Amino acid sequence: MTSNETNPADKRPFRVLSLDGGGMRGTYTATYLDRVATAFARRRLVTGIDVGKAFDLIVGTSTGGIIACGLAKGVPLSTMVDLYRRHGADIFPKRLPEGAWGVPADVLRRGAAIHEGAGALQKALAAILEETTLADVYARRGIALAITSVEMSQHRSWVFKTPHLKTSNGRDNGYSLVDICMATSAAPIFRSLAAIDHPDGGTGFNVFVDGGLWANNPVLIGLIDALEMTKPGDSIQIFCLGTCPVPAGEQISKGDLDRGLAAWKFGGVAAELSIDAQAFAFDNMARMLARHLDRDCQVIRFPADKVPAALLPYLSLDDTREQAMNALVNQARSDADMTNSRCGNDRDEVAKAICALFEDAPVLPEGDAGQSSPLPSKDHKRV
């Protein structure tokens, strides 16, 4: 689907899903989507909902890029949650040191640890994404994808894209979803750089690093591509989903300005600061631009509730502890239930848009494990 001209007769909005980065907090993102979709499947009395095909375009960065690729391929969201829970400790085998006392050992062991983690991630991704390429997923599912990264030879932004734009030259068609996920999630300090062979069979390769360095919140990429894929007068809805980020901000005294390596956790805190700043800035830029377009454009971040204080100890990008996973899953379920409960309020425009999205989402065939959990009832009604 490349424009609203091919949308159903009711001219539903052109829908975009924008998925932020956030390391292990992707557990929250996948659980939240799965919980909301499952509730709507029950409400609609259907076997399940194909969340990926509810969108015309999915954009993602880092862990959001991994979930985006899974949705586009049709991987069950429960499988995506399982990827984090089962393989997280192998993907992030060594957490950043909390203080200066842990630095010497970290310096000696981090290189080997992140090499081991990269191998674990690649193996886990290959098990669910197989050898699917961008061209494959676009041909089979008709879902446009845009996944961010940085190409290291020129320090330039790179967006892996399906051939969904009229100007596309098919540059990225042959890249596998596994390689793209490795490229978008190669966070400095936390993960190895990603060396990706050229997909055309020739010699050579490119080295990539995490797209979160410039677009941890990829909403502007989604907006720009949506404009290219629609025409004046069309309606666009961009749904932005974060990873339960740490509440931003800190009070700093004048005596605490000279922070060194230890205070910045050797770059780890700087990475988290960048993520927070981008999420706020890019959402606001997208909303400001939307007011000046020749299209009806909504930018919706869901859920928008504050993170509870009890969750704060579990929000590090590389926290793979069982209690951290449980906390993220429980919070995602709570937030999803709150989202579902809002759908009866006709005066809540955001809730109406979210509910319409899941009401319109394609139904999975019976017997398909799909994107949302099937109903236990044998009496399924198709819509």
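Predicted model: local features only at pLDDT ≥ 70, side-chain atom pairs only at ≥ 80, totals over all residues.
The largest pocket is lined by 32 residues. Nearest its centre lie P245, A279, R301, P303 and D305. The pocket has a volume of about 650 Å³. Its lining divides into 15 nonpolar, 8 polar and 9 charged residues. Two helices, α9 (268-290) and α10 (322-341), each supply at least two residues of this lining. The largest share comes from α9, with 8 residues.

A cis peptide bond joins F302 and P303. Omega at this bond is about -15°. P303 sits in the loop between β8 (296-301) and α10. Helix α10 in turn contributes at least two residues to the pocket lining.

The overall fold was considered next. The protein chain has 11 helices and 8 strands. Of its 383 residues, 53% count as buried. Among contacts with a separation of 6 or more, 77% are between residues 24 or more positions apart.

V219 counts as buried because its relative accessibility is 0%, under the 20% limit. Beyond residues up to four places away in sequence, V219 touches S18, I238, C240, F282, D283, A286 and V299. The C-alpha atoms of V219 and A279 are separated by 9.0 Å. Along the chain, these two residues are 60 residues apart. With a relative accessibility of 2%, M229 counts as buried. M229 and L57 are 172 residues apart along the chain, yet their C-alpha atoms are separated by 9.4 Å.

R191 is placed between α6 (177-184) and β5 (194-197). Its relative accessible area is 4%, so R191 is buried. The contacts of R191, leaving out residues up to four places away in sequence, are I91, F92, I114, A118, L121, M182, S185 and A186. From R191 to G117 the distance is 7.0 Å, C-alpha to C-alpha. The pair is 74 residues apart in sequence.

Packing between two helices was then examined. Such a pair is described by the angle between the axes and the distance between the axes. Helix α2 (residues 63-73) packs with helix α3 (residues 77-91) at an angle of about 145°. The two axes are 10 Å apart. The crossing of α2 and α3 is right-handed. On the α2 side, the contact involves T63, I66, I67, G70 and L71. On the α3 side, it involves L77, M80 and Y84. By class, this contact has 6 nonpolar residues, 2 polar residues and no charged residues.

Positive phi values were noted at two residues other than glycine. For S62, phi is near 55°. S62 lies in the loop between β2 (57-60) and α2. The relative accessible area of S62 is 7%, so this residue is buried. For E130, phi is also near 55°. E130 lies in the loop between α4 (103-129) and α5 (134-141). Here the relative accessible area is 48%, so E130 is partly exposed.

Key:
Residues numbered from 1 in each chain as written. Heavy atoms only, no water. Axes fitted to C-alpha atoms, helices over the stretch in contact; angles between N-to-C directions. Helix = DSSP H or I, 4+ residues; strand = E, 2+ residues; numbered from the N terminus. Left-handed = near helix turned anticlockwise from the far one by under 90°. Contact = heavy atoms within 4.5 Å. Nonpolar A, V, L, I, M, F, W, Y, C, P; charged D, E, K, R; others polar. 1 Å grid on protein atoms, 1.4 Å probe; cavity = no way out; pocket = protein on both sides within 12 Å on 5 of 7 lines; lining within 4 Å. Points joined across faces, edges and corners; volume = space filled by probe spheres on them. Buried < 20%, exposed > 50% of the residue type's maximum accessible area, 1.4 Å probe, protein only.
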